[in-house]
Amino acid sequence: MSRTITLPAMPTRADALGYFRFDRLSEGRMVLTNDAGEWQVLADSDFRRFVAGEIKADDPLFGALQEKGFIREDLDAEAIATRVRRKKRFLGQGPHLHVVITTLRCNQSCKYCHASRTDMDRVDTDMSIETAKGVVDLAMQSTSPYLNFEYTGGEPTVNMPALKFVVEYSREKNRYEGKSLDHSVVTNMTYMTEEIAEYLIANNIWVCTSLDGTQAVHDWNRSWGGPGSKAGAYSSVLKWIKYFNRRYVENGLDPELYHVDALMTTTRKSFADWKALVDLYIELGIRNIHIRALNPFGFATKTWKMIGYTADEFLAFYEQVLDYIIELNLSGVQIMEGTAATLLKKILTPDDPNFVDIRSPIGSGTGQLAYSYDGTIYPSDEGRMVAGMGDDFFAIGEVGKSSYADIANHPTVRALALSSITDGLPGCSTCWNAPYCGVRPLHNYMNFGDLFAQRPLTPKCREHMTLSRLLIRRLDEDSDGRIEAMFRRWVIDRPRPPSE
Ligand code: SF4
């Protein structure tokens with residue numbers, strides 16, 4: 001992908017301009033951004049007048065450009081600095097996401113499994129209560145005032161004793177810590193029972209599942225019953241989504257806040273069924289569809305020829321889905337796309353959502369930690385996935401032996417931060433998308449063998465750049481403000497009461 005744009009020679013007045021980055025947005029349109037996350041689209045002719053310092057106080061564009069910090073005249077550097085500080089508020093917080101791998105055992109065998117699952121008889125890959133206690137003791141030392149214990153695996157509900165122990169022990173410890181605690185479980189729903197479901201509901205544990213699309217797609221991606229099995233998980237997932245959503249309502253809980261969330265992983269098989277996928281989510285009352293690309297971890301690396309695709313194929317699929325979701329919203333249906341909502345929060349609000357996978361620096365080690373079943377600590381679940389492929393490069397400690405300071409100051413955590421701070425990376429530091437982007441060093445490591453890689457050649461760069469451009473284009477083409485109003489609804493935080 002070429003990122004070079006050729007501009008005709010034009011007079012510039014650097015002393016009249018604030019600090020900004022720019023690029024072509026679309027035919028005849030340029031986009032400017034700055035560190036405070038401000039952006040402005042200009043027609044080519046206005047862009048030329050802008051860089052020549054010809055946009056003066058009586059120009060209709062002056063007010064917006066000056067207020068956003070793109071024009072030097074009366075530039076309020078303190079106000080801009082305050083906005084940048086607010087965007088980067090997460091930097092001082094410490095890890096809030098604590099991923100607990102309660103087991104590697106799983107009753108499914110998904111074609112793209114990133115988690116290096118083991119068979120159901122491998123009880124040696126269950127987390128012990130002693131390790132679970134060490135996880136809580138370490139996680140509660142995080143400087144973050146908010147913690148989310150996220151249970152994953154394998155299939156995390158296969159080891160309910162460890163899950164329950166973390167829930168109950170963390171709540172007990174929190175009587176003295178006073179943090180805000182959440183718990184969430186990422187389950188395939190095929191090991192679910194009423195007993196487990198009622199425990200999760202009664203304990204206010206968020207439930208997130210995988211739903212890849214129609215029955216044909218979901219069951220092809222996510223076979224259930226071991227390698228070679230013809231059984232599918234689709235009917236079980238639907239049954240339990242409906243069960244949870246019904247029980248939330250029966251318990252008097254607001255369905256806007258209490259409902260099952262779902263993640264969708266894209267394989268080649270997804271492409272033809274994109275419309276049916278969105279229709280299915282709507283039919284099930286799921287308001288947030290999170291379209292995810294395949295990651296270069298686990299089984300996906302072995303099955304890539306069967307399930308994989310190019311970045312361009314994924315992005316064309318994504319654009320179709322996004323535009324259909326926009327069309328539905330404009331006709332009164334409420335549904336949003338998860339990655340778009342994360343980027344829009346950065347684009348349209350003064351805040352950063354602190355989503356650990358799309359921020360600068362990446363959240364690995366500084367925003368999240370992952371605890372494998374055996375107590376090995378990683379800066380993120382992806383580090384554990386790399387280890388599952390036989391490479392323990394990202395291990396940063398051991399529960400019960402490493403102190404919180406050992407983990408927080410670990411050279412690998414520093415290296416991950418250094419390799420993902422967009423302000424310091426060649427190519428990123430001058431990229432218009434830097435305020436909204438997040439570099440993924442572990443993806444770079446898997447795809448190219450080093451943490452830094454050549455960002456413009458990486459799939460994640462292409463993905464983040466294309467998605468941001470797509471969203472700002474839709475805003476630029478929005479003649480009556482309806483798209484912006486819809487996008488602003490997507491970024492409203494509707495926090496549930498903490499799990500405790
Ligand atoms: S990784 Fe992000 S910030 Fe860096 S060049 Fe790509 S889009 Fe720009």
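Mentor: Two residues are in contact if their C-beta atoms, placed from the backbone, lie within 7 Å. Helices (H or I, at least four residues) and strands (E, at least two) are DSSP runs, numbered from the N terminus. Axes are lines fitted to C-alpha atoms, for helices over the stretch in contact, and angles run from 0 to 180 degrees between N-to-C directions. On these terms, helix α17 (residues 459-476) lies across β1, β2 and β3, at about 70° to β1. This is a predicted model: local features need pLDDT of at least 70, side-chain atom pairs count only at pLDDT 80 or more, and totals for chains, interfaces and linings use all residues. Residues are numbered from 1 along each chain as its sequence is written.

Trainee: What makes β1 (21-26) and β3 (39-43) edge strands?
Mentor: Two strands pair if DSSP finds at least two bridges between them. The open sheet has the order β1-β2-β3, with antiparallel pairing. β1 and β3 each pair on one side only, so they are the edges.

Trainee: Why do strand β2 (residues 29-33) and β3 count as paired?
Mentor: Five bridges join β2 to β3; the rule asks for at least two, so they pair. R29 stands opposite A43 in β3.
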